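Hi there,

Here is the structure I promised to pass on. Have a look at it first, and then read on for what turned up in it.

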Amino acid sequence: MAPGKLWASQVKNFGDGVYYDGGNLSLVITNQRKGRQWTFKYTSPLTKKRRQMGIGSAFDISLEKAREIAASLRAVLRSGKDPLDERLKEKQELKVQMGSTFQEMAELYLKKNKPHWRGDHTFRHAKNTLESYALPVFGDRPAASIIREDLVSVISPIYNEKKADTVRKLYRYIRKVLELSKVEGARDAEIPQWKGDLEHTFPNLSNLKPVKHHEALKPEEVSPTMQRLKEAGGMGALVCRFIMLTGCRSIEGRGARWDEINLKEKLWTVQGERMKKGNLYSVPLSKPILDLLEEIKPLHTGKPNALLFSSDKGKALSDAGVLKSFKAARPQNSNAVVHGLRSTFRDWIGDETDYPEELGEYALAHAKGSKTERAYRRNTAVEKRRPLMEDWGKFCMGEID
């Protein structure tokens, strides 16, 4: 139909097609007349591109009302604004007024970040922290309404219990949720900051009760535990031996791959994305580690990126599964856990050897000094750490006291 004014009676009787009323307004009928949509077609004054904007169903909006809406949109165009952009702004403002709740934004934060966190344990920790402390207090309130006093009410009980680490992590998660709320248009207000603000309400955080460390094996318990792990066999016990001999974290050992192993240079190189601090790291391979790798070589699938230790389904072993194997091998009266092996390693270096403390920190992949210094040390300290790792390996195997 040629451009021109429509009649109200025609609107009800038209078949599928596009019908123009003039003044940027048209009627689009689809799906055997079941779909009837008023549209406003225009050229954006900002981008000079053609755009189309739906303004409602013809079943609900009369021709007269559609013309009124079209007239108001032409007024927006004359003011140099884009109607679609203006509609988006109104929706965002309404979203702030009506408000996505803090819980909704927290769920979105967890969903967006889960793929980028190393391991499910980080996701679970963030989720549990928010669910335990923040959501019961203001989870059902709009994210836009959360103010400083709300954070104080949530943090105060934890601070009074002297749980410094929980305070830090809870504040970080709440801040991240509020930052996402601003990005998503669900919040305009500034976010309460720790430095220069909340730190004055909760002073001396570093002097609170220290974080409870993981239970660790005593040095004299290391060799007998290693022997029981060897006798036990099984993939969980193999991972425990590797973690003990390398001094690595559980997640790094469970995720170790064959393409990270360089047998010629006797080096295990872990990429930054798998490390807690995000920095590439190399571990010298002692003889006991090389013997362990030789032991598991028949299990290798031949794929370069295959895991050193995997489940029957080819996936990395769970932290709980490895812990179960370790518990079966540790002394009966011990509460030591896998992560505590790093503490045992550190205590052995400090109490039983003459190796400098700094070397032990690098062996545990603890960041020391500036970024430039760490990069330099990472390269030069490898050879210095070889004797240390050989002695630790011998100690673990009961070859030296």
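A word on terms before we start: two strands pair if DSSP finds at least two bridges between them. Helices (H or I, at least four residues) and strands (E, at least two) are DSSP runs, numbered from the N terminus. With that in place, an open sheet of 3 strands has the order β5-β6-β7, and its pairing is antiparallel. β5 (261-262) and β7 (281-284) are the edge strands, each pairing on one side only.

Please keep in mind that this is a predicted model, in which local features need pLDDT of at least 70 and side-chain atom pairs count only at pLDDT 80 or more, while totals for chains, interfaces and linings use all residues. Residues are numbered from 1 along each chain as its sequence is written, and side-chain values use heavy atoms, with hydrogens and water left out.

**Overview**

The protein has 16 helices and 7 strands. Of its 401 residues, 39% count as buried, where buried means under 20% relative accessible area, exposed means over 50%, and partly exposed lies in between (1.4 Å probe, protein chains only). Contact means heavy atoms within 4.5 Å. Among contacts between residues at least 6 apart in sequence, 58% join residues at least 24 apart.

**The two sheets**

W268 has V283 of β7 as its bridge partner.

The other sheet to look at is open and antiparallel, with 4 strands in the order β1-β2-β3-β4. Here β1 and β4 stand at the edges with a single partner strand each, so one side of each is left without a neighbour in the sheet. Direction ignored, neighbouring strands of this sheet are turned by 30° against each other on average. As a reminder, strands of a sheet pair through backbone hydrogen bonds, either parallel or antiparallel.

How buried is β2? In this strand (residues 25-30), 5 of the 6 residues are buried, so β2 is largely enclosed by the rest of the structure. Its antiparallel pairing with β1 (residues 17-22) runs over 5 bridges. Y19 stands opposite L27 in β2, and G17 has I29 as its bridge partner there. Towards β3 (residues 35-43), β2 is joined by 6 bridges, again antiparallel, and S26 is partnered with T39 of β3.

Helix α2 (residues 63-78) lies across β1, β2, β3 and β4, and runs at about 20° to β3. Axes are lines fitted to C-alpha atoms, for helices over the stretch in contact, and angles run from 0 to 180 degrees between N-to-C directions.

**Turns and positive phi values**

Most residues other than glycine have a negative phi, and most peptide bonds are trans. The hairpin of β1 and β2 has 2 residues between the strands, and G23 takes a positive phi near 60° there. N24 sits in the loop between β1 and β2; its phi is positive too, near 75°, in a residue other than glycine. With a relative accessible area of 31%, N24 is partly exposed.

The hairpin of β2 and β3 has 4 residues between the strands, and N31 in the turn has a positive phi of about 55°. K48 belongs to the loop between β3 and β4 (50-57). It has a positive phi of about 65° although it is not a glycine, and at 61% relative accessibility K48 counts as exposed.

**Helix packing**

The axes of α6 (residues 148-160) and α8 (residues 194-201) come within 11 Å and cross at roughly 50°. That makes α6 oblique to α8; angles under 35 degrees count as roughly parallel, over 145 as roughly antiparallel, 65 to 115 as roughly perpendicular and the rest as oblique. R148, L151, V152 and I155 in α6 meet W194, D197, L198 and T201 in α8.

α10 (residues 235-246) and α12 (residues 287-296) pack with their axes 10 Å apart, at an angle of about 155°. These two helices are therefore roughly antiparallel to each other. On the α10 side the contact includes L238 and F242, and on the α12 side it includes I289 and L292.

Best wishes
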